[in-house]
Amino acid sequence: MNQIHKLRYASVNIIIVALIVTLYFALNSEGTLPAMNTNIIYMGESDKKIAFQCTVSYNAAALSNILDLVNARGIKMTFIVSGEWAVDNKDMLNKIASDGHEIATMGMRYYLDGPIEDDIRDSISIIENITGKRPAFYFIGEKNVANTASACEKERIWGILCTVDLLSSRGGKYEIIARAKRRLVPGSIISVSPTAHLFDALPDILDLYANAGLSVVPTGEVANISNG
């Protein structure tokens, strides 16, 4: 009986170890499941760059100030806009594009889920007509990844998530900075919103990245994908 007990104990240990190993490789360094679709990007491969992408749809109070700040520092990043916002803010969208920043789309209506091919297609057309450049990326956000991957493939556009969301609509300046400090991972795609608190925190965050030897770049650069 003692030998049988030992064999059972060893078998249980092997199973536990196998589960731990499986979970380790299934989770990335930030503790989130990686996207499994080949046309979905959630992280780059660079060891010296970090991508910064700003979602622009409704709470864009500090957008102009943020744009001035990154332009003054010579930083290029990605601005993800909804088609609705693009229609109502053509001059600002053109300025962002002419300043050399990457433009991505979140569809006509960022909150839409389910069948989204038409929504993606319409937003691509609007952004291209305004800026003269077809966006290469569609921001998935909280939408169903499998459904979105299929829609992106049909519309010939890359789906993007983010490695880290700084949750810039929650908390104040120092909470946002603290989140950035906890997630200093090269190759990460950082998502923010153009809020007043983010603007207050942004100089410190950019200094934080610079001191860590990380260059802030658009999503396409960290993912090695050309935008247009």
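Lys173 is partly exposed, with a relative accessible area of 25%, where buried means under 20% relative accessible area, exposed over 50% and partly exposed in between (1.4 Å probe, protein chains only). Lys173 forms a salt bridge with Asp204, the closest N and O atoms being 3.8 Å apart; a salt bridge is defined as a side-chain nitrogen of Lys or Arg within 4 Å of a carboxyl oxygen of Asp or Glu. Because Asp204 lies in helix α8 (residues 196-211) and Lys173 in helix α7 (residues 173-182), the pair ties together parts that are 31 residues apart in sequence. Asp204, at 36% relative accessibility, likewise counts as partly exposed. The model is predicted, so that local features need pLDDT of at least 70 and side-chain atom pairs count only at pLDDT 80 or more, whereas totals for chains, interfaces and linings use all residues. Residues are numbered from 1 along each chain as its sequence is written, and side-chain values use heavy atoms, with hydrogens and water left out.

The protein chain contains nine helices and nine strands, which are DSSP runs numbered from the N terminus (helices H or I, at least four residues; strands E, at least two). Of the 228 residues in the protein chain, 44% are buried. Contact is taken as heavy atoms within 4.5 Å, and among contacts between residues at least 6 apart in sequence, 77% join residues at least 24 apart.

Seven salt bridges are found in a search of the whole structure. In one of them, Glu221 is paired with Lys49, with 2.9 Å between the closest N and O atoms. This pair links distant parts of the chain, Glu221 being in helix α9 (residues 219-222) and Lys49 in strand β2, 172 residues apart. Glu221 is partly exposed at 36% relative accessibility, and Lys49 is partly exposed at 27%. A further salt bridge joins Arg121 to Glu155, the closest N and O atoms being 2.8 Å apart; Arg121 is in helix α5 and Glu155 in the loop between α6 (145-154) and β6 (158-160), 34 residues apart. Here Arg121 is partly exposed, at 38% relative accessibility, whereas Glu155 is buried, at 9%. Asp118, Arg121 and Glu155 are linked in a network of salt bridges.

Strand β2 (residues 49-56) is mostly covered, seven of its eight residues being buried. Strands are taken to pair if DSSP finds at least two bridges between them. By this criterion, β2 pairs in the parallel sense with strand β9 (residues 215-217) over three bridges, Ile50 standing opposite Val216. Four bridges join β2 to strand β8 (residues 189-192), also in parallel, and Ala51 has Ile189 as its bridge partner there. Strand β3 (residues 78-81) pairs with β2 in the parallel sense over four bridges, with Val81 as the bridge partner of Val56.

Ser46 is found in the loop between β1 (40-41) and β2. A polar atom of the Ser46 side chain lies 3.0 Å from the backbone nitrogen of Lys49. Apart from its neighbours within four places in sequence, Ser46 is in contact with Pro186, Gly187 and Val222.

Definitions and conventions. Polar contact = N/O pair within 3.5 Å; in protein donor to acceptor, adjacent residues only side chain to side chain.
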